[in-house]
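Here is a short tour to read alongside your own view of the model. Keep the sequence at hand as you go.

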Amino acid sequence: MNSPTYAGDEHGDVPTAPELPPRRGGDGPGPGFPPARTGGASPAVTDAGRLAATVERLRQEVREAQAAADGRALVEMAKGVLVGRLGCGPAEAARQLAKLAEQSGATLLALAVDVVNQAARDHVSEVAREFLEHTAQPASVPGASTPAVRLRAAESGLLAAADSQAVAAALLENALVPLGAQGVAIWVAGSDSSLTLVGHAGFPEEEASRWRYVPPEVATCAHLALDKRELTVVPRLSDSGIPSIGRRQHPSGGRVVVPAGTGGRIHGVLEVCWPDPLEPQPPQVLRQLEALAELCAHTLGDQDVTPSAEPAVKEQACAGVAEMVNLADNLYDPALVLTPCLDPGGRLADFRVHHANDRFIDPAGRPRSSVCGSSFLEAYPAAAEDNGLFDKLERVYATGEPCRTQRMALTAFVDDVPLTAIADASISRHGSALLLIWRIEDETARLASLLQHAQRLGRVGGFEENITTGEITWNGQLFTLYGRPMTSSPVPLEELRSHAHPDDVVSINRFLRTLLHHLRQSSVDFRLQRPDGITRHIRLVAEPVLDDRGSLHAVRGAYQDISSQHWTEVALAATRDQLAHTEAEAAERSRLALQLQHAIMPPAPAPLEVPGIRIAVRYRPAESEAMVGGDWYDSVVLPNDKVLLSVGDVAGHGIEAATGMVILRNALRGLAVTGAGPAQLLSWLNTVAHHLTSNVTATAVCGVYDPRTRVLRWARAGHLPPVLVRGTEARAFPMAQGLLLGALPEADFEEEEEVLEPEDTLLMYTDGLVERRDVSVTDSLSQLLSLAGREADSLDRRLDRLLTHSRSDTDDDTCLIGIQVR
């Protein structure tokens, strides 16, 4: 028996309990049952009291008559067993049974149940024997209601029941009330996992009418048994938050839900309700509930297929098999029709391949004739692995809920050699048969698809990198292109910068950003520096591969060596000759602006070494050359050994913005020599912007750092505050007061201090790093803090990652300066 699942318990362990829950109602009287307890004082001698007493007496008589009838049926069954074993007549068998009961001290009903259990050796007798082996109570105590008696009485009541409503009443009265339960519901499962209430006892009729039908998408206690396909315990209904029948009457009660099925198919669910929270139950009690569910299943399920039938008879008895064969033959995908194979105990053991259509493709290349007629696990033994294909077949057969899976491995063995193929599979149940459709992606088709991608992208050295697992696939040409041996590890895209010429880092950053974050196809030309000292001019073309949810799954592409391709130079020369005079003038203007900007702001400056700190700077120009902006950064050691740190952004683009940037940057350098603090420096710089330039406005952050005390004094003029990274935590400095430069003739700026610690990293940046059109500045800053807090093995790696993974979309310039305290 599988361990039951406790709702809310991650492990589903079943603690043992010393005794059963207290009994909530009287056992049905009769042979082997104690008298029913009416409880309470005698009713008052009134008309209403006499009427109530009469009703209760008649109800008691009905229960006694029903229990007596069930008991007589079991006694008659025991007599029949003795007649067969002793070869005597019915009268002699009755005398022998009575004599044995008198000698053993047991009731006639208890002894009859023991005789039936020994002869039957079915699931009920196994449960009764297991209970007796694990309890100190003798097997037969006069007047005691043993589990064996209760189960056999319940079975007798089920056989005599006319409908599912009577089945529920028989289960509750004969077997569940002695366990302390006060309600039982019998659900029939539809092919779409819906539930229909077909029998109930212990619940008001008004409550039951509200639960006649439960759609498949509604989560209830009964659905837990369908989903888990095993006995599930809900100790306290109110704590689980799961709705179910009877919740109004017993909101804090416990529930046990058991799937009721035969032959591997779940026909319905047996739900048992306790009025109070349910303590952990012994395994023997849970086994009793499973046995009751199995008895209940025989009243719900299809009895066409029996365990004793031959395989050919079983297949013919499966509903709709002929229709399934016709359906499979009209499909364009390979399909198998599977029928269930049951073991002698009536449990699902395997499936038989009843039919394979004309398009069937076996992973091992076997013909249809060698697969049809065999069992599924014989043909594909590897499908029996955990959460493998056979588990999915079992679930679909049990619940009727279709299943679709992608990229599942199908393994077949030929002469003990495993042959594996990847396939997308679809499983559905129709009647008692399963339709398995698979579409195999063999190795030849996969390589052909990869070659088509290579031709489409013009690749020479092809690659594919799985972003989720980090697995990288290179072909042999790419190892040759990199000048690396075939036994070496492929180079991830994130490490591409370390293999390229330093002047090409900006282009590679833009390429990675477009590919990995904008999820668009991209290309880049760069100089590849190989370990043997040879430099190759490379064109890298790549595209993102998205999964079914639109998330990045992999990247595939190609490296092309264009070092000796003369046609590229010819094409470029022809293109230059065809440029109009106006286009050449515009290009020249943009070139001059870029030269001016790069003269002040080199794209990849060398790190600045200062005692006590290390400074690294990154500058990313605008996407378009026409968008040349006025971003600047500066770091310089002052005469008093302090360090000036500044970042600014002049409003606008073009030559005017670049010129204003040069003026303000140089002015700040000159003013900082005076030794003034950051607030005073920004006040003076505001005067320069307002009076000495032509309507220039700008934002800026100015800081003065003292390496001896590790104190940073800083102020801001309409700029985003710096970010401090300490360990794995990143936080932004407070928004100190300060207007943007040049807005007013005079302005005051608030100055703040921050004491830095060793290994701290300070980040100062312009808005091109975080600004987005569809996200507020606050949200963009939060995203930056989350990215900055990730671990990095060096300052350069941290800055490169911030640039690459930046989510800005305004195509603006970006300046980023990082200061690491030693």
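Strands here are DSSP runs of E with at least two residues, helices are runs of H or I with at least four, and both are numbered from the N terminus. This is a predicted model, in which local features need pLDDT of at least 70 and side-chain atom pairs count only at pLDDT 80 or more, while totals for chains, interfaces and linings use all residues. Residues are numbered from 1 along each chain as its sequence is written, and side-chain values use heavy atoms, with hydrogens and water left out.

**The sheet and its helix**
- β22 (residues 698–706) and β23 (residues 711–717) run antiparallel and are joined by six bridges.
- Both belong to an open sheet of five strands with antiparallel pairing, in the order β20-β21-β22-β23-β26; two strands pair if DSSP finds at least two bridges between them.
- At the edges, β20 (629–637) and β26 (751–755) each pair on one side only.
- Neighbouring strands are turned by 15° against each other on average, direction ignored.
- Helix α22 (residues 678–691) lies across β21 (643–653), β22, β23 and β26, at about 30° to β23; axes are lines fitted to C-alpha atoms, for helices over the stretch in contact, and angles run from 0 to 180 degrees between N-to-C directions.

- D706 is found in strand β22.
- Is D706 buried or exposed? D706 counts as buried because its relative accessibility is 11%; buried means under 20% relative accessible area, exposed over 50% and partly exposed in between, with a 1.4 Å probe and protein chains only.
- Leaving aside neighbours within four places in sequence, D706 is in contact (heavy atoms within 4.5 Å) with K642 and V711.

**The nonpolar cores**
- The largest nonpolar core has 31 residues, and L336, L338, F351, F376, Y380, L436 and W438 touch the most other members; such a core is a set of buried Ala, Val, Leu, Ile, Met, Phe, Trp, Tyr and Cys residues joined through side-chain atoms within 4.5 Å.
- Elements that each supply at least two residues include β8 (335–342), α14 (376–379) and α15 (389–399).
- The most comes from α15, with five residues.
- A second, separate core of 29 residues includes V167, L171, V258 and L292.

**A helix pair**
- The axes of α23 (residues 777–788) and α24 (residues 795–804) come within 10 Å and cross at roughly 145°.
- L784, L787 and A788 of α23 meet R798, R801 and L802 of α24 in this contact.
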